[in-house]
Amino acid sequence: RPDVLTIDVVVHIVHANDEQDLSEEQIDSQIAVLNEDFRAANPDIKNVPTVWQGLVGDARIEFRRASLDPDGNPTTGVTRRRTDVRAFSSNDAVKFAAQGAADAWPADRYLNIWVCRLSGGLLGYAQFPGGPADTDGVVITYTGFGTTGTASAPFDLGRTTTHEIGHWLNLFHIGGDDGTGCSGSDFVSDTPNQAGQNFGTPTFPSITCNNGPNGDMWMNFMDYTDDVAMYMFTQGQVLRVEACLAGPRQGLLV
Ligand code: ARG
Ligand code: ZN
Ligand code: CA
């Protein structure tokens with residue numbers, strides 16, 4: 001794929017009160033983060049340890065608010081809906097107007113991002129490629145979206161959305177989702193094998209699974225560290241994303 005791919009985004013703001021009805025500015029702050037992170041153009045990419053700088057991957061994806069809705073009418077790429085639901089969970093209720101929330105736009109033409117209050121400390125969740133169209137996309141809690149307004153530390157740099165879109169593009173957690181074991185894999189060749197997920201702001205090197213001297217790639221977007229401590233995809237991850245865009249998500253390429 002020679003060119004940068006542009007993905008049309010629709011942001012569904014499902015709000016139970018005025019605070020959750022996020023400003024246009026906050027929405028744009030999130031789009032700006034995505035346009036840095038998926039181009040390896042984020043300023044903190046310079047913090048990648050020297051030994052891994054050659055592995056940094058540019059996914060060559062650009063995100064923009066949709067300018068036409070599914071019927072071909074002009075849109076701001078944002079839908080807003082007041083709801084009586086005080087908090088949503090990972091059960092996909094937020095994806096249905098009939099459940100007091102907002103229906104998906106066609107998943108072969110748009111990336112659907114729902115923003116709402118998620119319960120139980122859940123920052124976000126994603127649907128992997130290959131699932132039903134009416135639930136396709138990512139869901140982000142309103143305190144973890146964008147970099148201004150209701151975004152709150154340590155999840156106020158927009159990285160939850162970067163991470164969830166990583167899943168939407170078929171990336172797994174780099175710890176391999178086997179608890180703290182060393183046998184799970186993310187099916188990416190250039191991310192070190194590591195035990196579990198990392199949290200907070202680790203110090204390099206952090207060694208598990210005999211992965212010394214460099215240790216875990218805790219600064220990868222597909223780990224679980226704080227927003228300030230995650231700032232890279234690898235070239236191997238970009239290959240997986242490319243395969244997804246040439247396969248299950250190829251409709252987005254047109
Ligand atoms: N699905 C993960 C969770 O809710 C998202 C983790 C995002 N991490 C971050 N630093 N923003 O726990
Ligand atoms: Zn995840
Ligand atoms: Ca593991």
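Predicted model: local features only at pLDDT ≥ 70, side-chain atom pairs only at ≥ 80, totals over all residues.
Helices (H or I, at least four residues) and strands (E, at least two) are DSSP runs, numbered from the N terminus.

Residues are numbered from 1 along each chain as its sequence is written, while chains are lettered from A and ligands numbered from 1 in the order in which they are written.

**Confidence.** pLDDT is the predictor's confidence in each residue, from 0 to 100. The protein chain has a mean pLDDT of 98, and 99% of its residues reach 70 or more. The ipTM is 0.93 and the pTM is 0.98.

**The ligand shell.** Around ligand 1 stand 13 residues, and L123, F155, R159, T160 and H163 are the closest. Two elements give two or more residues to this shell: β5 (124–126) and α2 (159–168). Helix α2 gives the most, three residues. A residue is near a molecule if its C-beta atom, placed from the backbone, lies within 6 Å of it.

**Helix α2.** A residue is buried if 20 or more other C-beta atoms lie within 10 Å of its own, exposed if 12 or fewer, and partly exposed in between, with C-beta atoms placed from the backbone. In α2, nine of the 10 residues are buried. Among them are R159, T160 and H163. The buried residues of α2 pack against α1, β4, β5 and β6. Contact here means that two C-beta atoms, placed from the backbone, lie within 7 Å.

**The core.** A nonpolar core is a set of buried Ala, Val, Leu, Ile, Met, Phe, Trp, Tyr and Cys residues joined through C-beta atoms within 7 Å. The largest one has 56 residues, and those touching the most other members include V9, I113 and M219. The largest share, six residues, comes from β1. Leaving out residues up to four places away in sequence, I113 touches V9, V11, H12, G137, V138, I140 and T161.

**Strand pairing.** Two strands pair if DSSP finds at least two bridges between them. Strands β4 and β6 are parallel, with four bridges. Strands β5 and β6 are antiparallel, with three bridges. I140 in β6 is the bridge partner of V115, and G124 stands opposite I140 too. From β6, V138 and I140 point one way, V139 and T141 the other, and all are buried.

**Loops and backbone.** Y231 is in the loop between α2 and α3. Y231 counts as buried because it has 24 C-beta neighbours inside 10 Å. Y231 and V56 are 175 residues apart along the chain, yet their C-alpha atoms are separated by 9.7 Å. Beyond four places in sequence, Y231 is in contact with N42, D44, I45, N47, V48 and M219.

| Site | Feature | Angle |
|---|---|---|
| A153 and P154 | cis peptide bond | omega about 5 degrees |
| G212 to P213 | cis peptide bond | omega near 5 degrees |
| R60 | positive phi, not a glycine | phi about 50 degrees |
| N170 | positive phi, not a glycine | phi near 85 degrees |

P154 lies in the loop between β6 and α2. R60 is in the loop between α1 and β2. R60 counts as partly exposed because it has 17 C-beta neighbours inside 10 Å. N170 follows α2. N170 is partly exposed because its C-beta neighbours inside 10 Å number 19.
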